[in-house]
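Dear colleague,

Please find below the structure that I am handing over to you. My notes on what was found in it follow directly after.

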Amino acid sequence: MDDLDRRIVTALQRGIAVVPRPFAAAARELGIDEATLIQRLQKLLELGVLTRFGPLYNADRLGGAFTLCAMSVPPHDYERVCGIVNGFREVAHNYEREHRLNMWFVLAAVDPEGIASVRKRIEVETGYAVLDFPKLDEYFIHLELAA
């Protein structure tokens with residue numbers, strides 16, 4: 001990453017304007033043109049520097065449901081299971097951890113029944129239990145990572 005990439009990542013962590021041309025507005029604030037911003041973001045995604053670029057929705061406030069899930073997957077089977085889990089469109093934010101519960105991900109669905117259904121399908125397709133950790137309380141911690 002060069003200095004411009006760092007400035008882009010830092011600036012966009014704070015959010016992006018909801019306007020007809022959000023990339024143009026963000027580019028103006030960065031002192032570059034819209035095409036350059038989009039090209040830089042695409043390159044950061046291709047290189048894996050960014051793993052995702054898109055909106056985050058509060059599913060429960062929109063009438064949907066979400067939960068945090070964890071699985072204990074043997075290292076020799078991790079890649080296979082990860083591919084299956086990530087194949088579900090309801091899955092987001094899949095992370096590996098160095099812990100007995102080494103796979104963590106968020107499930108989002110239209111309703112709580114959808115969450116239960118997807119959890120069960122993941123269990124059937126992977127052969128491993130999916131533990132459910134629903135949100136009990138919500139806290140907001142503003143965090144910006146230095147690029």
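The buried residues of helix α2 are covered by parts of the chain that include α1 and α3. Those buried residues of α2 (residues 22-30) are Ala-24, Ala-25, Ala-26, Ala-27 and Leu-30. Here, buried means under 20% relative accessible area, exposed means over 50%, and partly exposed lies in between (1.4 Å probe, protein chains only). Helices (H or I, at least four residues) and strands (E, at least two) are DSSP runs, numbered from the N terminus. After α2 comes Gly-31, with a positive phi near 75°.

Please note that this is a predicted model, in which local features need pLDDT of at least 70 and side-chain atom pairs count only at pLDDT 80 or more, while totals for chains, interfaces and linings use all residues. Residues are numbered from 1 along each chain as its sequence is written, and side-chain values use heavy atoms, with hydrogens and water left out.

As to the overall fold, the protein has five helices and four strands, in the order α-α-α-β-α-β-β-α-β from the N terminus on. Its C-alpha atoms fill a box of roughly 50 × 35 × 25 Å along the principal axes. Of the 147 residues, 31% are buried. Among contacts (heavy atoms within 4.5 Å) with a separation of 6 or more, 61% are between residues 24 or more positions apart.

Helices α1 (residues 3-13) and α3 have axes that come within 11 Å and cross at roughly 90°. The axes are lines fitted to C-alpha atoms, for helices over the stretch in contact, and angles run from 0 to 180 degrees between N-to-C directions. The two helices, α1 and α3, are therefore roughly perpendicular, since angles of 65 to 115 degrees count as such, under 35 as roughly parallel, over 145 as roughly antiparallel and the rest as oblique. On the α1 side, Leu-4, Asp-5, Ile-8, Val-9 and Leu-12 meet Thr-36, Leu-37, Arg-40, Leu-41 and Leu-44 of α3.

The whole structure holds six salt bridges, each being a side-chain nitrogen of Lys or Arg within 4 Å of a carboxyl oxygen of Asp or Glu. One of them pairs Arg-40 with Asp-2, with the closest N and O atoms 2.8 Å apart. This pair links Arg-40 in helix α3 to Asp-2 in the segment before α1, 38 residues apart. Arg-40 also forms a salt bridge with Asp-5, at 3.0 Å between the closest N and O atoms. Because Arg-40 lies in α3 and Asp-5 in α1, this pair ties together parts that are 35 residues apart in sequence. Both Arg-40 and Asp-5 are buried. Through shared partners, salt bridges join Asp-2, Asp-5 and Arg-40 into one network.

Two further residues deserve a note. His-93, in strand β2 (residues 91-96), has a positive phi near 55° although it is not a glycine, and it is partly exposed at 32% relative accessible area. Most residues other than glycine have a negative phi. Asn-102 is in the loop between β2 and β3 (103-109) and is buried, at 8% relative accessibility. Leaving aside residues up to four places away in sequence, Asn-102 touches Met-71, Ser-72, Val-73, Tyr-78, Tyr-95, Glu-96 and Arg-97.

Yours sincerely
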